[in-house]
Amino acid sequence: MLTITVNGMHCQNCSNSVKEAMTKAGAVNVVVDLAKKCVTWDGSVTREQAKEIIDGQGFDAVL
């Protein structure tokens with residue numbers, strides 16, 4: 001399971017947009033934790049790819 005810190009998520013809509021984008025990219029078991037400001041997932045999506053995906057949703061992913 002991989003994890004990345006994400007700044008700028010504030011609500012369930014933020015969580016949903018990140019989860020949907022990650023899932024479309026091939027990530028599985030995506031879990032967005034708003035309180036801890038992180039996203040965890042399994043699958044072939046790398047942390048670098050996740051950063052690009054999440055940044056593309058308007059958030060700030062930190063490697």
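Reader: Which residue in S4 stands opposite valine 6?

Author: In this predicted model, valine 6 has alanine 61 of S4 across from it.

Reader: What makes S1 and S4 a pair?

Author: Two strands count as paired if DSSP finds at least two bridges between them. S1 and S4 are joined by three bridges and run antiparallel, so the pair meets the definition.

Reader: Why are S2 and S4 called edge strands?

Author: The open sheet has four strands in the order S2-S3-S1-S4, with antiparallel pairing. S2 (27-33) and S4 each have a single partner strand, so one side of each lacks a neighbour in the sheet. On average, neighbouring strands are turned by 30° against each other, direction ignored.

Reader: Where does H1 lie, and at what angle does H1 run to S2?

Author: H1 lies across S2 and S3, and runs at about 165° to S2.

Reader: Which residues of H2 are called buried?

Author: Buried means under 20% relative accessible area. In H2 (residues 47-56), the buried residues are Ala50, Ile53 and Ile54.

Reader: How do you know that they line one face of the helix?

Author: Viewed down the axis of H2, the buried residues fall within an arc of 95°, so they line one face. Glu52 and Gly56, on the other side of H2, are exposed, and exposed means over 50% relative accessible area.

Reader: What do the buried residues of H2 pack against?

Author: They pack against strands S1 (2-7), S3 (38-43) and S4 (60-62), and against helix H1 (12-24).

Reader: Which glycine just after H2 takes a positive phi?

Author: Glycine 58 does, with a phi of about 95°.

Note on methods. Residues are numbered from 1 along each chain as its sequence is written. This is a predicted model: local features need pLDDT of at least 70, side-chain atom pairs count only at pLDDT 80 or more; totals for chains, interfaces and linings use all residues. Side-chain values use heavy atoms; hydrogens and water are left out. Buried means under 20% relative accessible area, exposed over 50%, partly exposed in between (1.4 Å probe, protein chains only). Helices (H or I, at least four residues) and strands (E, at least two) are DSSP runs, numbered from the N terminus. The arc is that of the directions from the helix axis to the C-beta atoms. Contact means heavy atoms within 4.5 Å. Axes are lines fitted to C-alpha atoms, for helices over the stretch in contact, and angles run from 0 to 180 degrees between N-to-C directions.
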